[in-house]
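Please examine the model shown below with its sequence at hand. The paragraphs that follow lead through it in stages.

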Amino acid sequence: MNLIITQARTRLLVSHPFFGAIALGLKLVETTEVPTMATDGRSLLFNPDFIEKRGVVETTGVLAHEVMHVVFKHHLRRAHRDPMKYNVAADYAVNATINTIFTLPDDHLFDAKYINWSTENIYADLPDEDTSELAGLSVDWGQVTDLTTNADGTKATPAELSAIEETLDSKIFAAAQTAKNMGN
């Protein structure tokens with residue numbers, strides 16, 4: 001496994017156990033099919049060239065960013081919304097939450113007005129007449145994709161997606177308890 005991603009996950013476990021516990025639950029997938037990092041709530045895809053360029057500190061920040069996509073259940077909530085616009089809104093929501101905790105790459109999306117806004121409210125605030133305008137805002141790291149399949153690759157039914165969400169709720173609660181027990 002890539003040393004930088006391993007070190008980033010370890011840093012999260014030691015310094016930010018909530019984030020680390022969630023990160024440990026994501027299957028690491030090294031790939032060149034994504035330009036940077038992405039998650040579907042089950043896996044964390046990472047491009048080794050991207051993390052080599054970012055180093056351990058920024059990779060830790062981007063890993064925490066991906067964890068927050070999972071915690072906010074962005075992979076389960078997009079529904080009918082435009083994927084690019086939703087990803088931009090989700091990135092603003094995540095970065096507004098973690099911007100003061102982690103070192104993020106300089107090109108991260110951040111607007112102080114979105115602190116404490118939901119992803120859906122940010123989505124509604126973004127322009128929708130031409131989503132190509134969002135391409136200038138969107139960066140290629142921190143992508144979240146919909147979770148539509150079961151672990152075996154079969155299409156998930158609404159009941160199965162609900163069960164996946166319940167399991168995620170349990171994992172988030174356990175991660176919060178772990179962090180609390182460690183004084184965080």
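Helix H7 is followed by Gly183, a residue with a positive phi near 85 degrees. The model under discussion is a predicted one. H7 itself comprises 24 residues. From its first C-alpha to its last it reaches 35 Å, close to the 34 Å expected at 1.5 Å a residue. Within this helix, Leu168, Ile172, Ala175 and Ala179 are buried. The cover over the buried residues of H7 includes H2, H3 and H4.

One of these covering helices, H3, spans residues 48–71 and contains Val67. Val67 has a relative accessible area of 0% and is therefore buried, since the cut-off for that class is under 20%. Which residues are in contact with Val67, once its neighbours within four places in sequence are left aside? They are Phe19, Ile22 and Ala23. A further relation across the sequence concerns Thr39: it stands 28 residues from Val67 along the chain, and the C-alpha atoms of the two are separated by 8.4 Å.

The largest pocket holds about 250 Å³ of space. It is lined by 15 residues, of which Gly25, Gly41, Arg42, Leu168 and Lys171 are the closest to its centre. Leu168 is also among the buried residues of H7. Helix H2 (17–24) and helix H7 (158–181) each supply at least two residues of the lining. The largest share, six residues, comes from H7. By residue class, the lining of the largest pocket divides into nine nonpolar, four polar and two charged residues.

Charged side chains also pair with one another elsewhere in the analysis. The count of salt bridges comes to seven. One of them joins the side chains of Glu165 and Lys73, with an N to O distance of 3.2 Å. Glu165 lies in helix H7 and Lys73 in the loop between H3 and helix H4 (74–77), so this pair ties together parts that are 92 residues apart in sequence. The two partners fall into separate accessibility classes: Lys73 counts as buried because its relative accessibility is 14%, whereas Glu165, at 31%, is partly exposed.

Lys73 also forms a salt bridge with Asp169, the closest N and O atoms being 2.4 Å apart. This pair, too, links distant parts of the chain, with Asp169 in helix H7 and Lys73 in the loop between H3 and H4, 96 residues apart. Asp169 counts as partly exposed because its relative accessibility is 36%.

Another salt bridge joins the side chains of Lys113 and Asp125, at 2.9 Å from N to O. Here Lys113 lies in the loop between helix H5 (83–98) and helix H6 (119–125), while Asp125 belongs to H6, so the pair ties together parts that are twelve residues apart in sequence. Lys113 has a relative accessible area of 42% and is therefore partly exposed. Asp125 is likewise counted as partly exposed, because its relative accessibility is 34%.

Which residues are linked in a network of salt bridges? Arg54, Glu58 and Asp107 are linked in this way.

Terms used. Residues are numbered from 1 along each chain as its sequence is written. This is a predicted model: local features need pLDDT of at least 70, side-chain atom pairs count only at pLDDT 80 or more; totals for chains, interfaces and linings use all residues. Side-chain values use heavy atoms; hydrogens and water are left out. Helices (H or I, at least four residues) and strands (E, at least two) are DSSP runs, numbered from the N terminus. Buried means under 20% relative accessible area, exposed over 50%, partly exposed in between (1.4 Å probe, protein chains only). Contact means heavy atoms within 4.5 Å. On a 1 Å grid over the protein atoms alone, a cavity is a set of points where a 1.4 Å probe fits but cannot get out, and a pocket is an open set with protein on both sides within 12 Å along at least five of seven lines; lining residues have an atom within 4 Å of a point. Grid points are joined across faces, edges and corners, and a volume is the space filled by probe spheres set on the points. Ala, Val, Leu, Ile, Met, Phe, Trp, Tyr, Cys and Pro count as nonpolar, Asp, Glu, Lys and Arg as charged, and the others, Gly among them, as polar. A salt bridge is a side-chain nitrogen of Lys or Arg within 4 Å of a carboxyl oxygen of Asp or Glu. The expected span of a helix is 1.5 Å times one less than its number of residues.
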